[in-house]
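Keep the sequence and the structure in view while reading.

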Amino acid sequence: MKFIVSRNELYKNLSTISGVLSTNNTMPILDNFLFVIKDDTLTVTASDLDCTMSAVIKLSTVEGEGEVAVPSKNLLETLKLMPETPINFVTEEDGDKVSLKFSVQGGEYNGHCYQGNEYPAAPTLGNSQGFEIDAPILHKAISKTLFATGTDDLRPTMMGVFCELNEENITFVATDAHKLVKYRNSAIKTVDPTSFILPKKPLQQLQKAITGSTEKVRVDYSSENNHIRFSFGNIVLYSSLLEGSYPKYQSVIPTNNDKSFIVSREAFLSCISRVGIYANQSTYQIRVSLNADSTNINAEDIDFSNKAHESINGTYTGEPMDIGFNAKFLREIFNNVDSAEVQMDMSQPNRAAIIYPVDQKEDDAEHLLMLIMPVMLNN
């Protein structure tokens, strides 16, 4: 099997799919890229069994067909240090040796490879449903929710992003029980309502791969095989779906909030970042004292005699209230709101606060809601 491929084209596509590779594979063959030649097409694949990502490259010079598994580490490091040049990729007949030859200074690199039939096959969806979504919408949905996913192995469904599709919109939800994010967009609808939970790792790879893209992404999913497939450009990403029921997130979003605070996102973010430095480094607790005249942010770490206080301008409506937050979580949320001004709706010091852009309306095509649970204040 012989073919010639551009160094830049090969390196770009291998870099795109390489994030799928795991450092602790149970099958040594998964430390490799799978190269498959058929007709004038090269398909390169990376997999960790739960997630499989492939890229298709059109070739102009090909001799023979076949498949081999090539060690990923050496190949990526070699290509990274190569200049742009046509690369002659050659495998021997017995399929256990591969060589890369390129014209600059007559370079040649030889290494071991493995039989391609040892590589696990990509999953099949069987009977599936699907829809198309603009890459910028999908990228934003992932960006706004991924940071709020959980890390607790005892609650595996919360370690992914919940996707709910109905005849009105598509909704993405993530929560770790301390914070919650709900992103909704009415540009995507279906007559067959469905829902599934997307694992974190494939979403991270998908987010990177579609950054800057303006094309449409085809999404196909199968409840029968519990898998999903994302197709865009020359890339295909397969992933298993998380099994189980997602928490009833709607029940934790308070509706009767009689207190609201409108503030500059940048000013508030800067304030809590500074004050948070002086908070206890295990709880990150800050106190937000709200009243009509002024808003004060305080933090204290008694063990190290650290204390900080700042006042910030904002518009508060409601009875005066002191409420505590984890500064780290609050910072994460404000970092993921794009608007210049942000509104926080609250009711009691022991109930969740809702955070959203000031200029957002409930019936907007795109809707973002973030929620943070308060922490108990020390007197």
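In this predicted model, helices H1 and H2 are oblique to each other. Their axes cross at roughly 135°, and an angle counts as roughly antiparallel only over 145 degrees, as roughly perpendicular only from 65 to 115. H1 covers residues 7-17 and H2 covers residues 72-80, and the two axes come within 10 Å. The crossing of H1 and H2 is left-handed. On the H1 side, the contact is made by Arg7, Leu10, Tyr11, Leu14 and Ser15, while H2 contributes Leu75, Leu76, Leu79 and Lys80. Sorted by type, the residues in this contact are six nonpolar, one polar and two charged.

The next topic is charged side chains. How many salt bridges does the structure hold? There are 17.

| Salt bridge | N to O distance |
|---|---|
| Asp134 and Lys216 | 2.6 Å |
| Lys140 and Glu366 | 2.7 Å |
| Arg274 and Glu310 | 2.7 Å |

The salt bridge between Asp134 and Lys216 links distant parts of the chain. Asp134 belongs to strand S11 (residues 129-134) and Lys216 to strand S16 (residues 216-222), and the two residues are 82 residues apart. Asp134 has a relative accessibility of 29%, so it counts as partly exposed. Lys216 is also partly exposed, with a relative accessible area of 46%.

Where do the partners Lys140 and Glu366 lie? Lys140 is in helix H3 (residues 135-145), and Glu366 is in strand S27 (residues 366-372). The pair therefore ties together parts of the chain that are 226 residues apart in sequence. Lys140 is partly exposed at a relative accessible area of 26%, and Glu366 is partly exposed at 32%.

The side chains of Arg274 and Glu310 form another salt bridge. This pair, too, links distant parts of the chain: Arg274 sits in helix H5 (residues 265-276), Glu310 in strand S22 (residues 306-312), and they are 36 residues apart. With a relative accessible area of 43%, Arg274 is partly exposed. Salt bridges can also share partners, and in this way Lys140, Lys144, Asp338 and Glu366 are joined into one network.

Strand S27 also holds Leu371. Is this residue, Leu371, buried or exposed? Leu371 has a relative accessible area of 2%, so it is buried, the cut-off for buried being under 20%. Leaving aside residues up to four places away in sequence, Leu371 touches His178, Lys179, Leu180, Val252, Ile253, Pro254, Ile333, Ala352 and Ala353. Leu371 and Phe162 are 209 residues apart in sequence, and their C-alpha atoms are 16 Å apart in space.

Last comes the protein as a whole. The protein has six helices and 27 strands. Its C-alpha trace spans about 80 × 50 × 35 Å along the principal axes. Of its 379 residues, 48% are buried. Among contacts with a separation of 6 or more, 66% are between residues 24 or more positions apart.

Note on methods:
Residues numbered from 1 in each chain as written. Predicted model: local features only at pLDDT ≥ 70, side-chain atom pairs only at ≥ 80, totals over all residues. Heavy atoms only, no water. Axes fitted to C-alpha atoms, helices over the stretch in contact; angles between N-to-C directions. Helix = DSSP H or I, 4+ residues; strand = E, 2+ residues; numbered from the N terminus. Parallel < 35°, antiparallel > 145°, perpendicular 65-115°, else oblique. Left-handed = near helix turned anticlockwise from the far one by under 90°. Contact = heavy atoms within 4.5 Å. Nonpolar A, V, L, I, M, F, W, Y, C, P; charged D, E, K, R; others polar. Salt bridge = Lys/Arg side-chain N within 4 Å of Asp/Glu carboxyl O. Buried < 20%, exposed > 50% of the residue type's maximum accessible area, 1.4 Å probe, protein only.
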